[in-house]
Amino acid sequence: MVSHKYLAVLAIVLFYNFCYSQTGPGGVGNSSSNGLWLRADNLSLANGAAINKWSDVSGNNNHATAIGSEQPIYSSTSSLNNMPTVRLDGVNDQMVINDAAILDGTAGITFFSVIRPRNLDGNPRGILGKRINFNTNVDYAYTWFFYNNNYLTVDINTNNDRFGSSPTAFSNNSNYILQLHYDGSLPFAQRSKIYRGQILIAQSSETSTSLINSAANLVIGALNYNYGTYLGADITELIHYNYALNSAQRIIVNNYLSAKYNIPLTSEDYYTQDDPGNGNFDHHVAGIGQANDGTNHTDSRGTGIVRISAPTALANNEFLFWGEETKNPTYNFSTNTVNYTEQLNSRWRVNRQGNLGTLTVSFDISGIDLSGIQTCSQLQLVVDNDYDFSSPDDVYNLTIVGTTATASGVIFHNNRYFTLRYINQIVWNGTSFFNGSGASNAPNNTTDACFKLLIKPGSPANLADNTYVKEVEVETGATLNVADGKLLTVKNQLVINGTIDLIGEAQLIQTHTGSTANSGSGNLKMRQQGTSNLFNYNYWSAPVNRGGSWQIGYLKDGAGTVNFTANVNANAATSPITLSSRWLYNFNGPTNNYNSWNKITTTTNLSPGTGYTMKGSRAFILPPQEQEYIFEGTPNNGDYTSPIIAAGNDFLTGNPYPSALSANQFINDNLSVIDGTLYFWEQFATNNSHYLKDYEGGHAIYNLMGMGIPATADASGLTSGNGSTSKPAPTQFINVGQGFFVTIQNSGSLVFKNTQRVFARESLNETVFFKSSTKNKQAAVEDTRTKIWFAFTKLKSYSKFIGLGYDSNTTHQYDNGYDAKVFDQLKNDLYWLLGNDKLVIQALPEINIQDNLPLGIKISEAGLYTFSIDKMQYVPDDLDIYLKDNIQNIYYNLREGEVALFLNKETKTDQFSITFQKETSLGTTLFESNLFYTSYNSIAKILELHTNEPFNTIETIKIFNVMGQEVVHVKSPKSTNMDLSRLSDGIYVLQVISKTVNNVTSIKFVKY
């Protein structure tokens, strides 16, 4: 593993190497070897302007200057591929470069000049010279000039070995790439050479083995300063090296100059992408390679931003050249509509001679705006055989260190194009996905979270998997379908001008903070199912809005916008269905204050998070008797705040989002305002009347204790001992569209935030939508806290549920968010007593077997009632749980089964409690009354009543079956024996009413 320290060193080395790579002409040389580099295209002057300074771009500051009338003229275009030129008038124009050590005193030298002569006439016409004058051996380094029949002539270290290009002469108004080459290390006869392009046109002997260290200035346009015979010419480029280039380097520089100035090479013209038929990739040409003589050059950058190096399989006569299509690029990225990548606005093209193996390719990105690259994206080198990069041959991820982006292992085939790109969006073009990491290039849920998803018109786009993207835009006429049960997570905004369809249980979550930025003229479609029972309510909250609010009249079914009638009853026979507007209400007022129901209409504007009621459709739908509705609009998103609600009020609110809502997070975010308990209305599926007195139902309850208490359940189908409920219990997740009640403890506003949103599905029992469902569901996410659910059932009537939980965050007093108060007024009821509070959920800090937890009971109808444990979680195996009769001092172990007791309206409110041990020290009898007990003769089927009191004090004896039905009634009994032979075998309750003792005794027995 490489430490951070060494990574830092590596970064410095990479940056250093890039800066000092071969950045000279064609990628040959740098500031230590390239002593002079004058480029006319580097001048920034108006056409026709006089040039007083021609800046050196070699990095050595060997600038050429001119004064007064000696100044040449700048021409912005020329016959040299329309490139700028420096025009010497041939009369007195000359430019001077001050002496510099790098310009002479070396064992070799190479000069290149791109020139178009204009006044060749046989007289000396100096391209350049570094000497004091013509007739001295002092400070005479070299001269290079046209002379004597217009031959190109060279003197090295005086004129003793002067030679010319005879028989090759040069003419006016012709374009040339000329080269002076001197290598003092070669044999005497090979040291001096003159080239035209790649063609050696003259070679001569030279006595000197090195250039003298001359103090003379270098003069351009004459043999030496003020010599008198000046050169008239257009010069576009003048290059000096302080050594003799090898064969590979000369080939590279000549190909660079040939492409740039459109001067064909008659030999070793390896770069042909400058030809018009190949796209005119004339600019910033550079190359690497190895010549036939074995000399090579393997690291080049040149004038452009591309550096290529480190070929792994280089052999003789193998080269790679590259050139750019843009002369003076201002780099930026734009969308390539072929593949929807962000592509650099300039391309390069390569020529490959032979096979160089793999390469390292780097880019100087200091001048490129990369702000559009997303955090999960990478800058890429893309290589293609097509100019449009529609089907790349190869794509290489670039590693960025400082201002250098590098890819290794790159392979370029001949004639390939390459450029830079990155991905910042995933696009459906109406037929296919582009750029996603999932199947068929669709987005996925892990690696594409920083990309925008763009949906264009055509066939609908289908997201078959969970998807996480940065933002979504759906264009006009386009459709995005999210498959049933899948989640679309969006970090920021949605722009919907088409349609997003959340099919089935698909959901949408947005994760940013603050207010929404969702926009567009299109819609999100979301479905939810409500009861079809004509007489039952749904409590709704819209997950979408139109113009910031929702109207019930926007609601749709599968056939279109729902109709509404003022009639009492809905009509499901129409298409779309017709609902009754008589039952549209919201609520903001004191608990159980019927007058606080506020009538609303189909055009009432409801803000996000406002709950409302609406009755069923009367559609004859097979179980589970659900009617599907469609919400269409802009998806609710971001922060919402309700108007201030008064303390003491209950408020009908609801989940405002097109996703499930975390009840725990909602409670915690609002605990300073609400009492911390949520109430969900549920009613019996058997309801068949609009009259309030006939409604049967209640509120399911959830709070931070995480228990989920079912609503009062229809127990008409329950049989003794089944221990199950027929109603769903709330989970920690609130379903899409679900309305619910909160109780306002301190005046304030409710807040909804994206951080409350979660992905949870009804089909997986993670959420419940309360609509008279008969499914038995529980929270998908359980914790390890101890919880006990108790059921209190009046047979053939209904069941009431209460909860006991333990959490270290609670106390023995009332705790907001953990204890839950009674919300429903029932004729026969069971609840916890805590001071003056009646609780449905009681939360305590820890289990204490010494606890005696008071129960409150209300009995309005005499009958047989059962007490049972409905379910338990994380309860110690050895913990006994007793129902204690505080009056008769009797203990019933609920862990051994349910307890059936005959109760009537004289039952004391505080008669019962829950305990965890028997108080045997008080001499309590275990079951029978201390006044009466029974014995049973199973053969004679005779039940005998025993009593310590005079028998004539008994007023009445009654026997009830488990259905609460009275089967025996004996007033002023004459015998203690009762014949039970006519009764079926089973469980019965004997009730004894005494004349003298203010007590009613019930004794449970089994007849068999």
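Valine 736 is buried, with a relative accessible area of 4%; buried means under 20% relative accessible area, exposed over 50%, and partly exposed in between, with a 1.4 Å probe and protein chains only. This residue sits in the loop between strand S59 (733-734) and strand S60 (739-744). Helices (H or I, at least four residues) and strands (E, at least two) are DSSP runs, numbered from the N terminus. The model is predicted: local features need pLDDT of at least 70, side-chain atom pairs count only at pLDDT 80 or more, and totals for chains, interfaces and linings use all residues. Residues are numbered from 1 along each chain as its sequence is written, and side-chain values use heavy atoms, with hydrogens and water left out.

**Overall form**

- The protein contains three helices and 81 strands.
- Its radius of gyration is 48 Å, well over the 30 Å that the globule rule gives for 1008 residues, so the protein is more spread out than a compact globule.
- That radius is taken over C-alpha atoms, and the globule rule is 2.2 Å times the number of residues to the power 0.38.
- The C-alpha trace spans about 160 × 65 × 50 Å along the principal axes of the protein.

**Burial, contacts and surface**

- Buried residues make up 57% of the 1008 residues of the protein.
- Contact means heavy atoms within 4.5 Å.
- Of the contacts between residues at least 6 apart in sequence, 66% join residues at least 24 apart.
- The protein exposes about 39000 Å², and carbon and sulfur atoms supply 46% of that area.
- Accessible areas come from the Shrake-Rupley method with a 1.4 Å probe; for residues, only the protein chains shown count as cover.

**Charges**

- There are 67 positive and 83 negative side chains, and the centres of the two sets lie 6 Å apart.
- Lys and Arg count as positive and Asp and Glu as negative, while His and the chain ends are not counted.
- The place of a charge is taken as NZ of Lys, CZ of Arg, CG of Asp or CD of Glu.

**The disulfide**

- A disulfide is a covalent bond between the sulfur atoms of two cysteines.
- A search of the whole structure finds one disulfide, where the criterion is a pair of cysteine sulfur atoms within 2.5 Å.
- Cysteine 376 and cysteine 450 form this bond, with their sulfur atoms 1.9 Å apart.
- The pair links distant parts of the chain, 74 residues apart: cysteine 376 is in the loop between strand S25 (359-364) and strand S26 (380-384), and cysteine 450 is in the loop between strand S32 (433-434) and strand S33 (452-455).
- The torsion about the S-S bond is about -90 degrees, so the disulfide is left-handed.
- Cysteine 376 is partly exposed, at 32% relative accessible area, whereas cysteine 450 counts as buried, at 8%.

**Buried residues and their surroundings**

- Valine 736 and arginine 761 are 25 residues apart in sequence, and their C-alpha atoms are 9.3 Å apart.
- Leucine 524 belongs to strand S42 (residues 523-531) and is buried, with 0% relative accessibility.
- Beyond its neighbours within four places in sequence, leucine 524 is in contact with Ile496, Ile500, Leu502, Leu508, Val544, Phe631, Glu632, Gly633, Pro635 and Pro658.
- From leucine 524 to leucine 508 the C-alpha distance is 9.7 Å, across 16 residues of sequence.
- Aspartate 885 is part of strand S71 (residues 882-885) and counts as buried, at 2% relative accessibility.
- Not counting residues up to four places away in sequence, aspartate 885 touches Ile890, Tyr892, Gln911 and Phe912.
- Aspartate 885 and glutamine 911 are 26 residues apart in sequence, with 5.8 Å from C-alpha to C-alpha.

**Backbone features**

- Serine 166 and proline 167 are joined by a cis peptide bond with omega of about 10 degrees, and proline 167 lies in strand S11 (residues 163-169).
- Another cis peptide bond joins serine 575 and proline 576, with omega of about 0 degrees; proline 576 lies in the loop between strand S47 (563-565) and strand S48 (578-580).
- Aspartate 139 is not a glycine but has a positive phi of about 55 degrees; this residue is in the loop between strand S8 (125-130) and strand S9 (142-147).
- Asparagine 157 also has a positive phi, near 50 degrees.
- Asparagine 157 lies in the loop between strand S10 (151-156) and S11 and is buried, with a relative accessible area of 7%.
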